[in-house]
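Hi everyone, thanks for coming. Let me put the sequence and structure up, and then we can walk through a few spots together.

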Amino acid sequence: VDGRDPEGNQALLAELMRLAGDGSLHPVEPTEYGLDDVVGALTDLQDRKVGGKVVLVP
Amino acid sequence: MRSVVCHEFAPIDRLVLEERPDPSPDPGQVVVAVRAAGVNFVDGLFVQGKYQIKPPLPFTPGGEVAGDVVAIGDGVDSVAVGDRVLAMPWMGGFASHVSLPARSVVPIPGGLTYGQAAGLVQSYGTMLFSFTKRTQVTRGEWVLVLGAGGGIGLAAVDVATHLGARVIAAASSPAKLAAAVAAGAEATIDYEREDLKARARELSGGGVDVVVDRSVIASPSRPSAPCGGWAATW
């Protein structure tokens with residue numbers, strides 16, 4: 001999963017959305033940080049203070 | 001628009017939030033108002049210059065965005081203003097808006113939140129790629145997931161179970177193992193208290209087909225598989 005294969009990446013994203021959308025996969029709700037708290041989000045990840053997924057919400 | 005900017009490779013707290021003009025889409029591009037941007041451990045390495053790839057400075061980190069299309073450029077007919085979309089822009093995601101090629105975005109299904117969509121990319125994307133492109137996990141095979149209680153581990157359990165594999169979850173505490181069972185694992189090994197190898201062999205009746213470690217997938221039963229039986233997951 002990187003920038004070297006845009007078509008492959010898009011196909012993978014589409015497959016992920018299909019499987020999550022039809023209930024085959026079960027993603028959890030992530031922990032949210034504000035965009036202005038990017039330092040807190042990255043620091044907590046680095047220090048393993050937050051588990052699971054982390055997202056910034058602008 | 002607001003944008004997180006890395007001006008120098010330095011400690012994380014040197015990142016700054018800047019106000020910039022809103023982007024307008026070039027031909028073939030769409031502008032997405034970001035509702036959730038996935039944050040990963042690697043983003044912290046990028047901004048500190050600790051990753052093997054160093055982006056040209058200054059740059060805005062953020063490789064996973066979910067949001068709403070708010071403008072489309074000339075020639076774009078695959079996407080419309082108002083669409084909920086997910087994309088993997090590689091950089092630029094830690095911002096209120098990002099401009100992207102229209103062909104790089106995919107629609108987000110109705111039942112999924114922006115946060116769930118953005119949060120799927122690294123963990124689930126990595127595991128789906130690994131289980132289908134780097135090795136082939138098939139129905140009835142035994143998959144041993146190490147570190148099964150973490151984000152990547154739980155995604156591995158979920159994806160392997162979806163593919164019909166029988167999953168053995170290994171982790172260091174009963175709470176982590178319980179989470180893995182909830183995600184679909186059939187059997188568990190607490191490697192603080194049990195012998196990992198012996199138990200895996202016993203549970204699978206002779207040996208597992210695929211092992212998911214933190215950074216590689218090994219396929220003991222397929223030594224001639226692509227990548228020589230080992231598949232790097234990222």
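Let's start in the loop of chain B between β5 (84–87) and β6 (97–101), where B:Trp90 lies. Strands here are DSSP runs of E with at least two residues, helices are runs of H or I with at least four, and both are numbered from the N terminus. B:Trp90 is not a glycine, yet its phi is positive, about 80 degrees. It is partly exposed, with a relative accessible area of 39%; that label sits between buried, under 20%, and exposed, over 50%, using a 1.4 Å probe and protein chains only.

A word on the basis: this is a predicted model, where local features need pLDDT of at least 70, side-chain atom pairs count only at pLDDT 80 or more, and totals for chains, interfaces and linings use all residues. Residues are numbered from 1 along each chain as its sequence is written, chains are lettered from A and ligands numbered from 1 in the order written, and side-chain values use heavy atoms, without hydrogens and water.

Now to another loop of chain B, between α1 (41–48) and β4 (65–72), where you will find B:Pro58. Which kind of peptide bond joins B:Leu57 and B:Pro58? A cis one, with omega about -15 degrees.

One more thing about chain B: α2 (114–134), α3 (151–162) and α4 (174–182) each supply at least two residues to the lining of the second largest pocket. Of these, α2(B) gives the most to that lining, with five residues.
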